[in-house]
Amino acid sequence: MTSSRPPSTAAEELRGAGLRVTAARVALLETVRAGDHLDAEAIASGVRDRVGHVSLQAVYEALHALTAAGLVRRIEPAGSPARFEGRVGDNHHHLICRTCGVVADVDCARGDAPCLSASDDRGFSIDEAEVIYWGLCPGCSTRRSS
């Protein structure tokens, strides 16, 4: 009998994506999902807290595999290192503070991915839109006006 429920553990999700299950990969996926738009260094630190030593190169390789499998999303804000998040598959966008660099999720401005309809697609078959709103977070806005 086949179950239609989604995988309930990181190990099951890795297996479901056809990836080898290792303690480091499970810890990495859990770290990304527990974090908030973490960079590779912060993820490596979180993985080390969970399983002990892991090289930064191993973290990058695992992030690449998990991103390719659709379990993790990579965003690359201009002038910042790549960040990773566990919210995938919904075409959401991001708010980024120019001062402190905090990143926050924001749902698609036009609902269920109509932002995938470009005014001129130039023949492209569009499957994702990446929108970044830049500005100041509430904390930095308050400090600036003081």
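This is a predicted model: local features need pLDDT of at least 70, side-chain atom pairs count only at pLDDT 80 or more; totals for chains, interfaces and linings use all residues.
I96 belongs to strand β3, which covers residues 93-97. What does I96 touch, once its neighbours within four places in sequence are set aside? The partners are P77, G101, V102, V103, I132, Y133, W134 and G135. Then there's L136, which sits 40 residues away from I96 along the chain, yet the C-alpha atoms of the two are separated by 7.5 Å.

Now step back and take in the whole chain. You'll find five helices and five strands in it. Walk along from the N terminus and the elements go α-α-α-α-β-β-β-β-β-α. Contacts across the sequence are worth a look too: among those between residues at least 6 apart, 45% join residues at least 24 apart.

What about the inside and the outside? The chain has 146 residues, and 32% of them count as buried. As for the surface, the chain exposes about 9,100 Å², with carbon and sulfur atoms supplying 50% of that.

Is E13 buried or exposed? E13 counts as buried, because its relative accessibility is 19% and the cut-off for buried is under 20%. Which side chain does the side chain of E13 make a polar contact with? That would be the side chain of R33, at 2.8 Å.

Technical notes: Residues are numbered from 1 along each chain as its sequence is written. Side-chain values use heavy atoms; hydrogens and water are left out. Helices (H or I, at least four residues) and strands (E, at least two) are DSSP runs, numbered from the N terminus. Contact means heavy atoms within 4.5 Å. Buried means under 20% relative accessible area, exposed over 50%, partly exposed in between (1.4 Å probe, protein chains only). Accessible areas come from the Shrake-Rupley method with a 1.4 Å probe; for residues, only the protein chains shown count as cover. A polar contact is a pair of N or O atoms within 3.5 Å; within protein, one must be able to donate a hydrogen and the other to accept it, and residues adjacent in sequence count only if both atoms are side-chain atoms.
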